[in-house]
Amino acid sequence: MGSNYNPATASNELEMWQAETFDAKRIDLELGWAESIGLNTMRVFLHDLLWKQDAEGFKKRIDIFLTIANKHRIKPLFVLFDSCWDPAPKLGPQLPPRPGIHNSRWVQSPGAAALDEFRRSIRGWKLM
């Protein structure tokens, strides 16, 4: 049993994983709560911009997360692509959540610009 997971201190997956806002203590607290009510899996979203910005640091933060999840006997399911909400993700400080709007600051991964770049790059490809 499980749920989607993003710490309460992060408005989206960028804020969850960026070096400046990654909050291992909060993650440990919240995954402890999850364990205490019998959850054993969490769907966790990753973002391509984090890899482009700092792949080594991103991998280290993922490893910290995995260590915390293992401590609480929680198996994460990482989501690599997500096309929901804001199509123009940007690294750095994220806007605060908008009250009353579910996932109000969630961002797509990859964003529309990256998808357009990919579409332009494959024009002329012939599918077999």
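Let me start with a definition: rings of Phe, Tyr and Trp (its six-membered ring) pair if their centres lie within 6.5 Å, and planes under 30 degrees apart count as stacked, over 60 as edge-to-face and the rest as tilted. On that basis, ring pairs tie Tyr5, Trp17, Phe22, Phe58, Phe65 and Phe78 into a cluster.

A word on the source. This is a predicted model, where local features need pLDDT of at least 70 and side-chain atom pairs count only at pLDDT 80 or more, while totals for chains, interfaces and linings use all residues. Residues are numbered from 1 along each chain as its sequence is written, and side-chain values use heavy atoms, with hydrogens and water left out.

Now the fold. The protein chain has 4 helices and 3 strands. Helices (H or I, at least four residues) and strands (E, at least two) are DSSP runs, numbered from the N terminus. The order is β-α-α-β-α-β-α.

Look at β2, residues 41-45, and β3, residues 75-79. They run parallel, joined by 5 bridges; strands pair if DSSP finds at least two bridges between them. The chain gets from β2 to β3 through helix α3, residues 48-71, and this β-α-β crossover is right-handed. That is, with the strands pointing away from the viewer, the path from the first strand over the helix to the second runs clockwise. Val44 stands opposite Phe78 in β3.

Back to the rings. There are 6 aromatic pairs in the structure. Take Trp17 and Phe58: ring centres are 5.8 Å apart and planes at 75°, so this pair is edge-to-face. The pair links distant parts of the chain, with Trp17 in helix α1 (residues 13-17) and Phe58 in helix α3, 41 residues apart.

Are these two buried or exposed? Trp17 is buried, at a relative accessible area of 0%. Phe58 is buried too, at 3%. Buried means under 20% relative accessible area, exposed over 50%, partly exposed in between (1.4 Å probe, protein chains only). Of the 128 residues in the protein chain, 35% are buried.

Last, a pocket lining. Which residues lie nearest the centre of the largest pocket? Asn6, Ser11, His102, Asn103 and Trp106, among 16 lining residues. A pocket here is an open set of points on a 1 Å grid over the protein atoms alone, where a 1.4 Å probe fits, with protein on both sides within 12 Å along at least five of seven lines; lining residues have an atom within 4 Å of a point.
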